[in-house]
Amino acid sequence: MSIKDNFPSVGPSLSLNFARSKTLDPRITFSRSSVGTHMDENGLIVSAATDEPRFDYKYESGVVKSLGLLVEEQRTNILEQSVVTTSNWTGGTSNTTYSNLSLNALGIFPGVEVTSTTGEAWHRRTTGYNVPFVSGTEYAITFYYREGTSGYARLQFRYNSQESYVQGPADGSAWSIAQNIGSITNVTTTLMDGQSTYKTTYSFTPNFTGDADMGIGIGIASAGTTVIALGGQVEEGEFPTSYIPTSGSTKTRNPDNVTMTGTNFSDWYNQDEGTVYVSQKLRAVQDTSRNNLVYLINGGGGSDYFYNPKSGDTNIFVFGDGGTNYSRFQDGTNSTDTKTAFAYDVSGDDFKAYYNGIEATNETTTNTPSATSHTQLELGANVNDKYCGHIQQFVYYPKRLTNTQLQNLTK
């Protein structure tokens, strides 16, 4: 087989490389009816205005790397003071001293250094803005802090003198978990910069209904040790999303919407045959349909061709017509980070999909529509079936590539 048989010989009619260009093609309509935040190329958390897309970055091994276009569902931070100061958070014990700092950590957190004076384990908690939990509801919790002289941290909630928390080395290398007032799962710690600023997230399902205080403490009993409290976030949901700043009340970030319609769509789309390539990384695994990433819409009403990279442990690829599934593949994968290509030719039963170099083989429906009339592309789907994650690249070829070419694109 020649090299030209392994890779596409025809160029794409649409190529969107969000991770590299950090801009939106002018044919795309983007909307979000609120501000949102993301990390910029300098490693700082910055705000994006209403209807402004967010090109996100992350700190990794001393380098700030591009992640691509950030697309998220609607979320609300119910922690009414997301930035720690000595005035809006109060001390957890009388044997602790507190000092406001001017760190400007991640570009937004001044920081409060808390010092243990007796060796007693302590915590720092919200005052007047306790978090309202509902028993049995899953919440995504985020703590921002810096490693102090202790090298340890305790990240907790307290309700009626009972606590649930993680504690241990501040870098998250050996957390221990106490679950007295609820279940803590999915603990993840990320180094956010080169100055020992950490973000620890976990899922918390309380076994009570009521207001709890949120604490950032040291976690060991040693006088003179410190930790630096920065901020936090509490969201109802299965996983954490981007930072939502609050100052005295809850705050909602509305969903991101990415669409292309009209001649902006028809100029590059072939109704008879084509190939879609997309690389992306989900925010987290969700056992729902909310991960829908690519929609090609029929007349604005039917969700015809779409790709859902994660519904539980299943990739779903659908080739349909007006909402009817004609070819449907469901294949499992353990990765939230996928490179995917799927191709179609309406002249016969010729729809095929690959992800991360793997052929989708579990075809549950096999019938091809005789005609199509697609009028719209949606990336990140719609409000009801929202994708949450980063889209690095979307490419469309106006012909049906071979299966070998599909596989090579996704390796």
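View 1. Thr 127 lies in the loop between β11 (124-126) and β12 (131-133), where strands, like helices, are DSSP runs numbered from the N terminus (strands are E runs of at least two residues, helices are H or I runs of at least four). This is a predicted model, in which local features need pLDDT of at least 70 and side-chain atom pairs count only at pLDDT 80 or more, whereas totals for chains, interfaces and linings use all residues. Residues are numbered from 1 along each chain as its sequence is written, and side-chain values use heavy atoms, with hydrogens and water left out. Thr 127 has a relative accessible area of 32% and is therefore partly exposed, a class that falls between buried (under 20% relative accessible area) and exposed (over 50%), with a 1.4 Å probe and protein chains only. Leaving aside neighbours within four places in sequence, Thr 127 is in contact with Ser 87, Asn 88, Trp 89 and Thr 90, contact meaning heavy atoms within 4.5 Å. Between the C-alpha atoms of Thr 127 and Gln 81, which are 46 residues apart along the chain, the separation is 9.2 Å.

**View 2. The loop that holds Thr 225.** Thr 225 is placed in the loop between β19 (210-217) and β20 (226-236), and because its relative accessibility is 10%, Thr 225 counts as buried. A polar atom of the Thr 225 side chain lies 2.6 Å from the backbone oxygen of Ser 222. When residues up to four places away in sequence are not counted, Thr 225 touches Val 114, Thr 115, Ser 116, Thr 149, Ser 150 and Ile 218.

**View 3. An open sheet of 6 strands.** The strands of this open sheet follow the order β9-β10-β20-β13-β18-β17, and their pairing is antiparallel; two strands pair if DSSP finds at least two bridges between them. At the edges stand β9 (96-100) and β17 (182-191), each with a single partner strand, so one side of each is left without a neighbour in the sheet. Neighbouring strands of this sheet are turned by 30° against each other on average, direction ignored, the axes being lines fitted to C-alpha atoms. Within the sheet, strand β13 (residues 139-146) pairs with β20 in the antiparallel sense over 8 bridges, and Tyr 144 stands opposite Gly 231 in β20.

**View 4. Strand β22 and its pairing with β2 and β32.** Strand β22 (residues 257-261) pairs in the antiparallel sense with strand β2 (residues 29-31) over 3 bridges, and here Phe 30 stands opposite Val 258 in β22. β22 also pairs in the antiparallel sense with strand β32 (residues 374-379), over 4 bridges, and in this pairing Thr 261 stands opposite Gln 376 in β32.

**View 5. Leu 377 and the nonpolar cores.** The largest nonpolar core has 33 residues, of which Trp 268, Val 294, Leu 377 and Phe 394 touch the most other members; such a core is a set of buried Ala, Val, Leu, Ile, Met, Phe, Trp, Tyr and Cys residues joined through side-chain atoms within 4.5 Å. Residues up to four places away in sequence aside, Leu 377 touches Val 258, Thr 259, Met 260, Phe 265, Trp 268, Val 294, Tyr 295, Leu 296 and Phe 394. A second, separate core of 31 residues includes Phe 133, Leu 155, Ile 218 and Val 227.

Conventions. A polar contact is a pair of N or O atoms within 3.5 Å; within protein, one must be able to donate a hydrogen and the other to accept it, and residues adjacent in sequence count only if both atoms are side-chain atoms. Axes are lines fitted to C-alpha atoms, for helices over the stretch in contact, and angles run from 0 to 180 degrees between N-to-C directions.
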